[in-house]
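Subject: Structure handover

Hello,

Please find the structure below. My notes on its interfaces follow.

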Amino acid sequence: MTDAELQDIETRLFFEAMAVRHGYDFRHYARASMKRRVQALAQSVGCPDIGSLIPRVLREEGFLGQALAHLSVPVTEMFRDPAVFLALRREVLPILDSYPRISVWQPGCATGEEPYSLAVLFEEEGMLPKAQIYATDINDMALAKAEEAIYPARNLAAYARNYAQAGGKTTLADYFTTAYDFSKISEPLRQKVVFAHHNLVADGVFCEVHMVLCRNVLIYFDRTLQNRVLALFHDSLVRGGFLCLGKKETLEGTDYADRFRPVDRDCRIWRKAEAS
Amino acid sequence: MTAGSFQAAVVGCSAGGLEALHRLLDPLPADFPLPLVVVAHLSANSDSLLPQLLQGKCRLKVLEAEDKMPVVAGSVYVGPPGYHLLVEADHTLSLSVDEKVCHVRPAIDVLFRSAADVWGDGLVAILLTGANRDGTAGLRAVKQRGGLCLVQDPATAVAETMPRSAIAAGLADQVLPLDEISRSLQRIAPSRAKKGKLE
Ligand SMILES: C[S@@+](CC[C@H](N)C(=O)[O-])C[C@H]1O[C@@H](n2cnc3c(N)ncnc32)[C@H](O)[C@@H]1O
């Protein structure tokens, strides 16, 4: 047996242990990225191979937290893919504005930069008072940071460039208070985002919403899990509700391709079809 | 599938990469029997023009790599800017926005390592011009799994850091100018020759 084959077996057994022992099921994640992460976990906790992680994940107190921190990598930024936020501002928000109250669900919100970007859009389009953003993730450490809403000030320059390209109406710094090396999201925006733990693999519909914004999460899932998650999104959305996926994610090839109709193909925005 | 026959090629490049990719890909015949998966460091946030640019005189079909796209012979797959590109065990492509590796995303190391896991000694990895050290760790994985490592001759590269780093680590099976790499590929691919016969 080659070393690569052996590693595949170890990886499979490790995920089996995570699922059976702790109920965190990564078995339907795309394998190649996950294998990198499991290898990084093994290295950081001093395990010579993936197999040695298994007894620890089964028996070691507190090991789960460490494992989860390595397995879900909350990499994000504000206004990532500015063109998408511009499209949301121009094509989606005007339609959402016809509702008396607007709810948005952002699963896979990581450390919060993306939900706060959306809050900025609502603010600038005068819709913040009637908007409510629910942002969820499985990574509790990321959620804690998101709730705190404090980010390294040095990130702001890049975010400000994105913001300008996303049609920003003032300067991004207006939405932060900066002290020393850190910048905190202004309180009115922070109040509008509710963060919660939700696992797309295991949990049910979060709530009824007018838009689901879930970007760069589905790329980590295999087709089976993508279909499960899309079912959740479909069930959460009101009729005519919007779905926005990551720039390299698509409904094509999934069970939900004809349950939504495209609004902006390039920016990966769809609307839940009326009759379904 | 006979052991030792090549099944796929992966290519990594950085500064000066566009011109190098033309020189590598343009001579390949339309019936070139291996799929090629390419990662080039480009500025993120812009939609990639690279597939279009490369298609120019290339007789193979050049596609931007997408999530779950099957890798088949006769095509060149180019990773989109801002995403790591990986190969899955079922020979489909996957993308990730995990942290940068060697300060870049996409990283050549990420592609090469995942491809080495999948194709083992059926993989040819090609490292071209570039101004950082990305690709060296990837080639090490390719080599460990029995694959063939071709590295552009640094003397012919726009930026020599990347090929030099791999050569210094003792990972290059052959150090060649671009035209030679392209010819070498055509020699090994149709005949499905074993790497030992190459020299
Ligand atoms: C790459 S980040 C995307 C962040 C943000 N949406 C963006 O595009 O910038 C992926 C996030 O998905 C989360 N995630 C992974 N699996 C999940 C699951 N089963 N349920 C909920 N969130 C998950 C990870 O914890 C991580 O924060």
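How far apart do the C-alpha centres of domain 1 of chain A and domain 2 of chain A lie? The C-alpha centres of these two domains lie 29 Å apart. Domain 1 covers 3-71 and domain 2 covers 82-272 of chain A, with bounds that come from an automatic or database domain assignment.

Some conventions before the rest. This is a predicted model, in which local features need pLDDT of at least 70 and side-chain atom pairs count only at pLDDT 80 or more, while totals for chains, interfaces and linings use all residues. Residues are numbered from 1 along each chain as its sequence is written, chains are lettered from A and ligands numbered from 1 in the order in which they are written, and side-chain values use heavy atoms, with hydrogens and water left out.

Between the domains of chain A

Eleven residues of domain 1 are in contact with twelve residues of domain 2 (contact means heavy atoms within 4.5 Å). The area buried between the two domains is about 940 Å², and carbon and sulfur atoms give 59% of it; buried area is the accessible area (1.4 Å probe) that two parts lose on being put together, summed over both. On the domain 1 side, A:Tyr24, A:His28 and A:Tyr29 lose the most area to domain 2, together 53% of what that side buries.

Between chain B and chain A

This contact takes 29 residues from chain A and 24 residues from chain B. About 2,100 Å² is buried between the chains, of which carbon and sulfur atoms give 44%. There are four salt bridges between chain B and chain A. The side chains of A:Lys35 and B:Asp117 meet in a salt bridge at 2.8 Å, N to O.

On the chain B side, strand 5 (84-87), strand 6 (93-96) and helix 3 (108-119) each supply at least two residues. Helix 3 of chain B has the largest share, five residues. Helices (H or I, at least four residues) and strands (E, at least two) are DSSP runs, numbered from the N terminus.

Regards
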